[in-house]
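Trainee: I would like a close look at one part of this model, with the cut-offs spelled out as we go.

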Amino acid sequence: MSTDQTLSGEHITGNEGELAPKRPSPALTLTAALLGFALITLDASVVNVALPAIGSDFGGGMSGLQWVVDAYTLAFAALMLSTGAFADRAGASRAYALGTSVFTVASVACGLAPGLPTLIGARVVQGAAAAVVLPASLALVRQAYADPARRTRAVAAWGAGGSAALALGPLAGGALTTAWDWRGIFFVNLPVGAAILLLLLKAPRSPRRPAPLDLPGQATAVVGLTALTFAVIEGGPAGWAALGVAVVAAVAFPRIEARTAHPVVPLGLFRNRTVAVTVAAGAAVSVAFYSMVFVFSLFFQQVQHRSPLSAGLMFLPMTGLIGVTNLLSGKLAGRYGPRLPMLVGQGLATAGSLLLLYVDEGTPAPLVAVLLVPLALGCALTVPPLTAAMMDAVPAERAGLAAGVLNSARQVAGGLGIAVFGALVAGDFTGGMRLSLVIGACVLLLTFGLSFRLAGHAASSA
């Protein structure tokens, strides 16, 4: 008998035929991680096309629809600051299983919601669980592949899963809402969540690592962001009171972080010019992209009176090119450094926002779908190089923390953009939409100027 021989699915090693445990397949771990990342990315975009149907069932007006989106986005963004440390403390595999389980149960609660308050509450739980799933899924991929080259390919596949989910989100939302009901966009998460948990049974247990948590800083961030979003969406006396709470939290947060040994957001990071510019650019891109998906999802259905499926199809040209553009952007950044693709991307996104000013109720749908493409391509060109530039600008031991800060800033910006632009379109939709496009273009133009301050060529890791 040879030294290594397979018999009945077990590995027999050594001359005495000792049984050794079968080594878990890295591919199964990658599949589980990819499915989870795709699931939480899909849920960030799939709901947009279903919003008019939700509004038809529950009422609540524009503010209610904004909360359906922002409840998820803000919980996701704010808690992501600490969930990386939580995943280290609990072990990536345990944190991932917990996050996936809670996300799946919350999805069922969304699908069964009898009214808008229940739906919004369940969306908050979904967002909190998604904040756990994201860092834990990436940690699982890193754990499964010891070889750096294979790990790089695995992380690329993990990222491609998120891009594919983002591209399919509006179409899936429209198809499920048309063929079934808006509740279907949440119920489909149940079999995916179950599949992830089954795959995790084959994954190795992750070690626990000491990781300090900044609970006062995290709590202050949650209170401040929630209060600010409430002020923008609700307005009135309650909105002014919430704005006061947000101001107090904004003043308290840096004081808390400055006195904490392990702050959730080390303010010293922003003394690095590259970090400050890339975070600002990432936030601007999120405002432009996610807010416009929200606004045009409503425009196609409430102004042009299209079906959810037709509205979802209108986004397919723009979202379908995102993955390819991400790859192209990475190659450009590797050859020319991050500044060039960031400038081209933000310039294209600014031009795309201004082109959409010509859209009104009578604009043919195929033309609107084409006009959305430059905005999406510009955003897709910008994100990979700004991410690489930020990772190059911080020490290796702070890369995870920096990534959490960047992703949180992007999610927060997207959520606040939806709050502001939703308020603008609540009255005169077309006029509010055009004002929103102008604001988005101005924000992009500002970070376009800031991006000139980046180094002309970065390290090869870009």
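Which residues in α14 meet which residues in α15?

Mentor: This is a predicted model, in which local features need pLDDT of at least 70 and side-chain atom pairs count only at pLDDT 80 or more, while totals for chains, interfaces and linings use all residues. Residues are numbered from 1 along each chain as its sequence is written, and side-chain values use heavy atoms, with hydrogens and water left out.

Taking contact as heavy atoms within 4.5 Å, Pro341, Met342, Val344, Gly345, Gln346, Leu348, Ala349, Gly352, Ser353 and Leu355 in α14 meet Leu371, Pro374, Leu375, Leu377, Gly378, Cys379, Leu381, Thr382, Pro385 and Leu386 in α15. By class, this contact of α14 with α15 has 14 nonpolar, 6 polar and no charged residues (Ala, Val, Leu, Ile, Met, Phe, Trp, Tyr, Cys and Pro count as nonpolar, Asp, Glu, Lys and Arg as charged, and the others, Gly among them, as polar).

As for geometry, the axes of α14 and helix α15 (residues 365-393) come within 7 Å and cross at roughly 155°, where axes are lines fitted to C-alpha atoms, for helices over the stretch in contact, and angles run from 0 to 180 degrees between N-to-C directions. α14 is therefore roughly antiparallel to α15, a term for angles over 145 degrees. Helices here are DSSP runs (H or I, at least four residues), numbered from the N terminus.

Helix α14 (residues 339-355) also has α17 (residues 429-451) as a partner, with axes that come within 9 Å and cross at roughly 160°, and α14 and α17 are therefore roughly antiparallel too. Their contact, by class, has 9 nonpolar, 6 polar and 1 charged residues.

How values were computed:
Helices (H or I, at least four residues) and strands (E, at least two) are DSSP runs, numbered from the N terminus. Angles under 35 degrees count as roughly parallel, over 145 as roughly antiparallel, 65 to 115 as roughly perpendicular and the rest as oblique.
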